[in-house]
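This report covers a sheet, the helix that crosses it, a pocket and an aromatic contact. Please view the sequence and the model alongside the text.

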Amino acid sequence: MILRRIQLQNFRSYESLDLRPSEGINLIVGDNAMGKTNLAEAINYLSLARSWRSAEDAPLVKEGEGNACIRAEIEEGELRRTIEICFSGQEKSI
């Protein structure tokens with residue numbers, strides 16, 4: 001599976017992110033507390049619809065916001081899909 005694009009809205013430390021990875025290997029680097037792990041968590045969340053870091057969804061929503069969304073465009077062979085997961089502390093839609 002190839003991740004072509006990921007968009008985050010109010011996910012953890014991200015108010016907004018629109019990332020289109022390059023072909024091949026991508027390396028995410030940055031200082032501590034810049035959002036590298038949050039980005040990895042969002043990518044993982046797309047697969048399992050849950051976090052490895054929190055049993056509940058509420059902590060994943062940016063502080064002061066009501067809900068968060070993760071949207072991704074993926075490619076698997078000839079198949080292309082868009083996945084969107086939006087959640088608050090109480091509801092989730094996929």
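## Largest pocket

The lining of the largest pocket draws at least two residues from each of strand 1, helix 1 and strand 3. Helices (H or I, at least four residues) and strands (E, at least two) are DSSP runs, numbered from the N terminus. Helix 1 is the main contributor to this lining, giving six residues. The model is predicted: local features need pLDDT of at least 70 and side-chain atom pairs count only at pLDDT 80 or more, while totals for chains, interfaces and linings use all residues. Residues are numbered from 1 along each chain as its sequence is written, and side-chain values use heavy atoms, with hydrogens and water left out.

The volume of the largest pocket is about 480 Å³. Of its 21 lining residues, Ile2, Leu3, Pro21, Asn26 and Ile43 are the closest to the centre. A pocket here is an open set of points on a 1 Å grid over the protein atoms alone, where a 1.4 Å probe fits, with protein on both sides within 12 Å along at least five of seven lines; lining residues have an atom within 4 Å of a point. Grid points are joined across faces, edges and corners, and the volume is the space filled by probe spheres set on the points. By class, the lining holds 14 nonpolar, four polar and three charged residues. Ala, Val, Leu, Ile, Met, Phe, Trp, Tyr, Cys and Pro count as nonpolar, Asp, Glu, Lys and Arg as charged, and the others, Gly among them, as polar.

## Sheet and helix

Five strands make up an open sheet, ordered 2-1-3-4-5, with antiparallel pairing. Strand 2 and strand 5 (92-93) are the edge strands, each pairing on one side only. Two strands pair if DSSP finds at least two bridges between them.

Helix 1 (residues 36-48) lies across strand 1, strand 2, strand 3 (68-76), strand 4 (79-87) and strand 5, at about 110 degrees to strand 1. Axes are lines fitted to C-alpha atoms, for helices over the stretch in contact (heavy atoms within 4.5 Å). Angles run from 0 to 180 degrees between N-to-C directions.

## Strand pairs and hairpins

Strand 1 (residues 2-11) pairs with strand 2 (residues 14-19) over five bridges, and Leu8 stands opposite Leu17 in strand 2. Two residues separate these strands in their hairpin, where Arg12 has a positive phi near 50 degrees. Strand 1 is also joined to strand 3, by seven bridges; here Leu3, a residue close to the pocket centre, stands opposite Ile74.

Strand 3 and strand 4 share nine bridges, with Arg71 partnered by Glu84 in strand 4. Their hairpin has two residues between the strands, and Gly77 takes a positive phi near 65 degrees. Strand 4 and strand 5 are joined by two bridges and by a hairpin of four residues; Cys86 has Ser93 as its bridge partner in strand 5.

## Aromatic pairs

There are two aromatic pairs. One of them is Phe11 with Phe87, edge-to-face at 6.4 Å centre to centre and 85 degrees between the planes. Phe11 lies in strand 1 and Phe87 in strand 4, 76 residues apart, and the pair links distant parts of the chain. Rings of Phe, Tyr and Trp (its six-membered ring) pair if their centres lie within 6.5 Å; planes under 30 degrees apart count as stacked, over 60 as edge-to-face and the rest as tilted. Phe87 is also the bridge partner of Ala68.
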